[in-house]
Amino acid sequence: MEEDDVSIREQNFHSQVREYIICFLLFAVLYIVSYCIITRYKRKTDDQEDEDAVVNRISLYLCTFTLAVSGGAVFLLPFSIISSEILLSFPKNYYIEWLNGSLIHGLWNLVSLFSNLCLFVLMPFAYFFLESEGFAGSKKGIKARILETFVMLFLLALLILGIVWVASALIDNDSASMDSLYDLWEFYLPYLYSCISLMGGLLLLMSTPVGLSRMFTVMGQLLVKPTILEDLDEQIYCIHLQEEALQRRLNGSSSYTYTYTRGSFTHQLNKELDNVRNQRNKLERRKKASGWEKNLLYPIVMLILLAGTTISVIMVALNILYLLVDETAMPKGSTDRGIATTSLSTFGVAQAVLEILLIFYLMVSSVVGFYSLRVFEGLTPRKDDTTMTTIIGCCVSILVLSSALPVMSRTLGITRFDLLGDFGRFNWLGNFYIVVSYNLLFAVVTTLCLVRKFTSAVREELLKALGLDKLQLSNSPTDPESGKLSANGHQKTL
């Protein structure tokens, strides 16, 4: 009996060590990828080792950790879905024994824990640490900045806890709820994270439909469009004339006197010259592209995007019907340690792969739509020219979006995989009206965005094919034939 107990303890010990090693390796890969992404967009600074350089480096490491956690949240649900299907297909395979329910639950719990840690501790610390200078009268240095940062974090924590305390007391005023107000770990943090998750879900609801329609424009800029009723040689020739006229005007700008400053005029000319050169490069790329790239690749990609968006809307519409007739369609959490008892996909592995592709597609669309919203355009990262403050804002935004992605995917019915860990403890998931309204808004807004996108795209292509878009050249800031420049309604005067 003692030998059996020892053997069981050894097996549990080795299983725990194996899970820790797997989690560490997965996180290490995500951390390296996140570091490469951030350093690609981070503004280059001098290599001088001063106080600000140390602060920037610490903030960079914290942002990298947060972005790695965001990547883990994105891959969490797809990894769980494919793991469940693999275990169902090969239940007794020796080589996949490491892929079990304990590992999946552990990953969900770790992602939830690290998401809270990054959102409420690391990112506020990185921002305050970056902006701190030390209290007035104190000795300047890293220690003074750390002290100011911790004081600001303490005040922020008091403010947030006070707001949550007042809000929960106003919403639930019964005796049980009042007693739970003094429970920090079991009440405050889950309730606060539930509110953040709801905000993330609403942010996804705003950005995903916009991103789904914006994806067509983004892919159209990356790929070469087919040439239909267009004379590229003529357009390139006209662009060359505009470029030469702008270059002559830029070279001879010093011999004239203008109604506005010379620097402003030169800056306007350089900006327009860059735009003309970008248009020329795009036209030359379209001319040099091969036939299969123009006539085959572009339509296939557009059809794939259209099919993915259509399937998403159809699945959401079906989920609305399920919610109206079946209570089990409501999103809920699961505490069962076994994840491979029954298949959650009607068509097996094929449907599981489709669900995974749709989840990734929705995440990419939500990020594209997030940066397309006017409110968040200022957070758009630029290669080698993004400040650390902007990077912190981007990391927080992506963390909120990625943390709400599993909840949104389950709420919209993209997958039937039950939410594990703290992701299934959100209070608003059990509200029927919130869930149904969320599905209706997503389906309606996505459909309206697509209709608006395609109607405007068809109108623009028809105008371009008929040559009517060239009628606006006379109103453009530059007119090569007249040799005059109009900037903000002003004309140059000799």
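Biologist: Why is F432 called partly exposed?

Modeller: Its relative accessible area is 30%. Buried means under 20%, exposed means over 50%, and partly exposed is what lies in between, using a 1.4 Å probe and protein chains only. F432, with 30%, falls in that middle band, so partly exposed it is. A quick word on the model: this is a predicted model, where local features need pLDDT of at least 70 and side-chain atom pairs count only at pLDDT 80 or more, while totals for chains, interfaces and linings use all residues. Residues are numbered from 1 along each chain as its sequence is written, and side-chain values use heavy atoms, with hydrogens and water left out.

Biologist: And what makes Y433 exposed?

Modeller: Y433 has a relative accessible area of 65%, and that is over 50%, so it counts as exposed.

Biologist: How do you know that F432 and Y433 form an edge-to-face pair?

Modeller: Rings of Phe, Tyr and Trp (its six-membered ring) pair if their centres lie within 6.5 Å; planes under 30 degrees apart are stacked, over 60 edge-to-face, and the rest tilted. Here the centres are 5.7 Å apart and the planes make 80 degrees, so F432 and Y433 pair edge-to-face.

Biologist: Then why are F125 and F129 called stacked?

Modeller: Their centres are 5.4 Å apart, with 20 degrees between the planes; that angle is under 30, so the pair is stacked. Both sit in helix α3 (residues 101-131), 4 residues apart, or about one turn of the helix. The structure holds 11 aromatic pairs, and ring pairs also link F27, Y31, F65 and F114 into a cluster.

Biologist: What makes F125 and F129 buried or exposed?

Modeller: F125 comes out at 16% and F129 at 1%. Each is under 20%, so both count as buried.

Biologist: What makes α3 a helix?

Modeller: Helices are DSSP runs of H or I with at least four residues, strands are E runs with at least two, and both are numbered from the N terminus. There are 12 helices and 5 strands in the chain.

Biologist: How do you know which residues L122 touches?

Modeller: Contact means heavy atoms within 4.5 Å. Leaving out residues up to four places away in sequence, L122 touches L62, F65 and L117.

Biologist: Why is S365 called buried?

Modeller: S365 has 0% relative accessibility, which is under 20%, so buried is the label. S365 is in helix α10 and touches S207, T208, G211, L212 and M215, again not counting residues up to four places away.

Biologist: How is the packing of α10 and α11 described?

Modeller: Two packed helices are described by the angle between their axes and the distance between the axes. Axes are lines fitted to C-alpha atoms, for helices over the stretch in contact, and angles run from 0 to 180 degrees between N-to-C directions. For α10 (residues 349-372) and α11 (residues 388-411), the angle is about 140 degrees and the axes are 11 Å apart.

Biologist: What happens at D384, and why is it called partly exposed?

Modeller: D384 lies in the loop between α10 and α11, and has a positive phi of about 60 degrees although it is not a glycine. Its relative accessibility is 33%, between the two cut-offs, so D384 counts as partly exposed.
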